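Biologist: I am new to this structure and would like to be taken through it step by step. Could we look at it together, beginning with its overall make-up?

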Amino acid sequence: MRLLERMRKEWFMIGIVLAIAGAKLKPSIGVNGGPLKPEITVSYIAVATIFFNSGLSLKTEELTSALVHIRLHLFIQIFTLAFFPATIWLFLQLLSITPINEWLLKGLQTVGCMPPPVSSAVILTKAVGGNEAAAIFNSAFGSFLGIIITPLLLLLFLGSSSSVPFTSIFSQLFMTVVVPLIIGQSVRRYIKDWLERTKPPFGAVSSSVLLAIIYTTFCDTFSNPNIDLDKFSLILVLFIIFSIQLSFMLLTFIFSTRSSSGFTPADTVAIIFCSTHKSLTLGIPMLKIVFAGHEHLSLISVPLLVYHPVQILLGSVLVPTIKSWMVSRQKGVKLTRPTV
């Protein structure tokens with residue numbers, strides 16, 4: 001299963017590159033009003049499909065065992081949806097005086113506003129041997145919270161630069177995100193046994209739809225002659241994203257390993273991944289709604305598209321190191337326990 005998951009992620013990364021290349025080659029196909037009619041097929045049908053799929057695949061029945069760790073959940077959710085975006089905002093005040101493209105900087109802020117992903121943090125926590133139940137709970141709960149909080153954070157830090165009014169944004173979010181998610185969860189109750197037996201390819205479905213969203217987003221970009229992205233800005237943003245990832249992983253490690261924290265080494269593993277990972281699957285559709293019609297939407301999306309593979313790459317590279325630390329700490333705890 002791990003091998004299949006890794007292969008799926010690798011193909012998805014290749015898919016992103018091909019989607020962007022395809023948009024560059026023939027942008028007229030995926031622009032608003034074009035043959036694909038993305039203003040309907042993407043803005044409504046594709047986004048609703050992703051969240052119905054999420055509702056259908058989300059195993060909320062497995063989360064009850066993790067409910068008791070309230071302190072752990074509070075730490076992760078506050079770090080992810082409050083500390084992270086606020087810190088990025090302060091950091092961007094310094095970066096605003098640099099020559100980095102302003103829309104890429106706005107894109108960095110959108111990364112900070114995103115909820116945790118449903119899959120990657122759980123997979124990496126499991127690979128290390130950390131608190132998987134806590135990772136599942138916080139990924140799922142964070143996704144639910146993100147439906148409400150992420151659009152509010154985006155509007156708070158960036159505002160909506162499109163002509164779409166506040167009430168219209170949230171009515172579309174409700175119809176394309178909340179309603180499909182609830183329907184998916186309701187349907188799951190009746191076909192849960194069948195889903196467990198057949199294990200439908202939920203990840204592949206969401207990834208395919210997401211690639212369609214990415215493709216049409218970049219079609220809009222490449223069809224606009226006024227947009228110019230300099231390579232200097234892109235390289236700097238890539239370096240900044242690596243730095244943010246490593247810094248926040250280190251920060252969560254320091255906070256959660258203090259003697260007064262009360263967290264176990266397994267808890268720390270879940271905290272490191274769940275607090276610093278951001279959801280591309282939920283993020284891109286939300287940006288598509290909140291910044292509908294914005295000419296710089298694709299540039300705003302670039303940091304999130306970069307952050308996604310970076311978090312998987314860094315996480316995968318650090319798995320052996322974190323696992324070694326966790327095992328040594330757990331052995332240390334056992335050795336210090338008094339024998340009866």
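Biologist: How many helices and how many strands are there in the chain?

Modeller: This is a predicted model, and what follows is computed from it. From the N terminus on, the elements run α-α-α-α-α-α-α-α-α-α-α-α. The count for the chain is therefore twelve helices and zero strands.

Biologist: What percentage of the residues of the chain count as buried?

Modeller: A residue counts as buried when its relative accessible area is under 20%. The chain has 340 residues, and the part of them that falls in this class is 50%.

Biologist: Is helix α11 largely enclosed by the rest of the structure or largely open, and how many of its residues are buried?

Modeller: Helix α11 covers residues 280-290, and its buried residues include L280, L282, G283, I284 and P285. Further along the helix, M286, L287, K288, I289 and V290 are buried as well. Helix α11 is largely enclosed by the rest of the structure, because the number of its eleven residues that are buried is ten.

Biologist: How are helix α3 and helix α4 directed relative to each other?

Modeller: Two packed helices are described by the angle between their axes and the distance between the axes. Helix α3 (residues 70-95) and helix α4 (residues 102-113) have axes 7 Å apart and pack at an angle of about 165°, and their crossing is right-handed. Since angles over 145 degrees fall in this class, α3 and α4 are therefore roughly antiparallel.

Biologist: Where is K37 placed, and is it buried, partly exposed or exposed?

Modeller: K37 has a positive phi of about 50° although it is not a glycine. Its place is in the loop between α1 and α2 (38-57).

Terms used:
Residues numbered from 1 in each chain as written. Predicted model: local features only at pLDDT ≥ 70, side-chain atom pairs only at ≥ 80, totals over all residues. Heavy atoms only, no water. Axes fitted to C-alpha atoms, helices over the stretch in contact; angles between N-to-C directions. Helix = DSSP H or I, 4+ residues; strand = E, 2+ residues; numbered from the N terminus. Parallel < 35°, antiparallel > 145°, perpendicular 65-115°, else oblique. Left-handed = near helix turned anticlockwise from the far one by under 90°. Buried < 20%, exposed > 50% of the residue type's maximum accessible area, 1.4 Å probe, protein only.
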